[in-house]
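Please look over the sequence and the structure shown here before reading on. The briefing goes from the whole chain to a few of its parts.

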Amino acid sequence: MNSNHSIKAIFFDLDGTLRHSVPSGGDVFSDYVSSLGLHFNPEDRIRAARWEHFYWASSVDLRDDLLAHSGETEKFWIEYSRRRLVALGVSPAMSVELAPKVSEHMGEMYRPESIIPEDVRRVLPKLKEAGYLMVVLSNRDKPFHDVLASHNILEFFHFSLAAGEVGIYKPEPGVFQHALDRGKVAAQETVYVGDNYFADIVGSRRAGLQPVLYDPTGIFPESNCTTIKSFDELESVVKAL
């Protein structure tokens, strides 16, 4: 293991960090709403993207919606669409009116490709060679080894952990502690890299890890933590911690 500095492990988020859906759902959503004749500026789009990150970070709203519409997938996505329309700056009344149409469009037309970006593919072998303990920790409900395998990146990780396996979701510190215990590594020796400020940075910091925010589009300009725009920056950033 690395004896030359204090960081021994790098834990990664999966979706939006190592693995990307292209095009992003948020872009397709906003473009479609634009096509209906509603106009936004770039700040509106960034605000909606920030809301999206907040919502999916095990927010109270998400928990409420899952309870209210458990198993009723269509109703869940209509409510999600209504909330995101409001976040974009659409009036509450118009958001209620448009939500079913937008939700239906996304359900029918959104078929993203799942990719691992080239900068991720460049850095993983280097980090593995440098001797870091590498782990993927995701808020998914079920194990996702097959996702890592199908994208040919499974070999770089010592293990992966879905929050649903332990019943604790980011930003709760307990899920990070599970991964630390399993990896037999201390929090202060571990970096956590993720794209969602609310789930990844707040959560890993609470658990005592060193957070690194992956924010290629500048959604969180005031994030008060180490930030990278590309994975090509990660190795030198980790060495500097």
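Predicted model: local features only at pLDDT ≥ 70, side-chain atom pairs only at ≥ 80, totals over all residues.

Residues are numbered from 1 along each chain as its sequence is written, and side-chain values use heavy atoms, with hydrogens and water left out.

**The whole chain**

- The secondary structure of the protein chain comes to 11 helices and eight strands, where helices (H or I, at least four residues) and strands (E, at least two) are DSSP runs numbered from the N terminus.
- The radius of gyration, taken over C-alpha atoms, is 19 Å, close to the 18 Å that the globule rule gives for 241 residues, so the protein chain is as compact as a globular protein of that length; the globule rule is 2.2 Å times the number of residues to the power 0.38.
- Along its principal axes, the C-alpha trace of the protein chain spans about 60 × 35 × 35 Å.
- Of the 241 residues, 49% count as buried, which is to say under 20% relative accessible area with a 1.4 Å probe, protein chains only.
- Among contacts (heavy atoms within 4.5 Å) with a separation of 6 or more, 63% are accounted for by residues 24 or more positions apart.

**Helix α4**

- Helix α4, residues 73–88, has 16 residues and reaches 22 Å from its first C-alpha to its last, close to the 22 Å expected at 1.5 Å a residue; the expected span is 1.5 Å times one less than the number of residues.
- The buried residues of α4 are F76, E79, Y80, S81, R83, R84, L85, A87 and L88, and they pack against α1 (25–35), α2 (42–56), α3 (60–68) and α5 (92–109).
- After α4 comes G89, whose phi is positive, near 105°.

**Residue H53**

- H53 is found in helix α2 and is buried, with a relative accessible area of 14%.
- Leaving aside neighbours within four places in sequence, H53 is in contact with D195, N196, F198, I219 and F220.

**Residue E189**

- E189 is found in the loop between α9 (173–183) and β6 (190–194).
- Although E189 and I7 are 182 residues apart in sequence, they are 4.4 Å apart in space, C-alpha to C-alpha.
- Not counting residues up to four places away in sequence, E189 touches S6, I7, K8 and A9.

Technical notes
Buried < 20%, exposed > 50% of the residue type's maximum accessible area, 1.4 Å probe, protein only.
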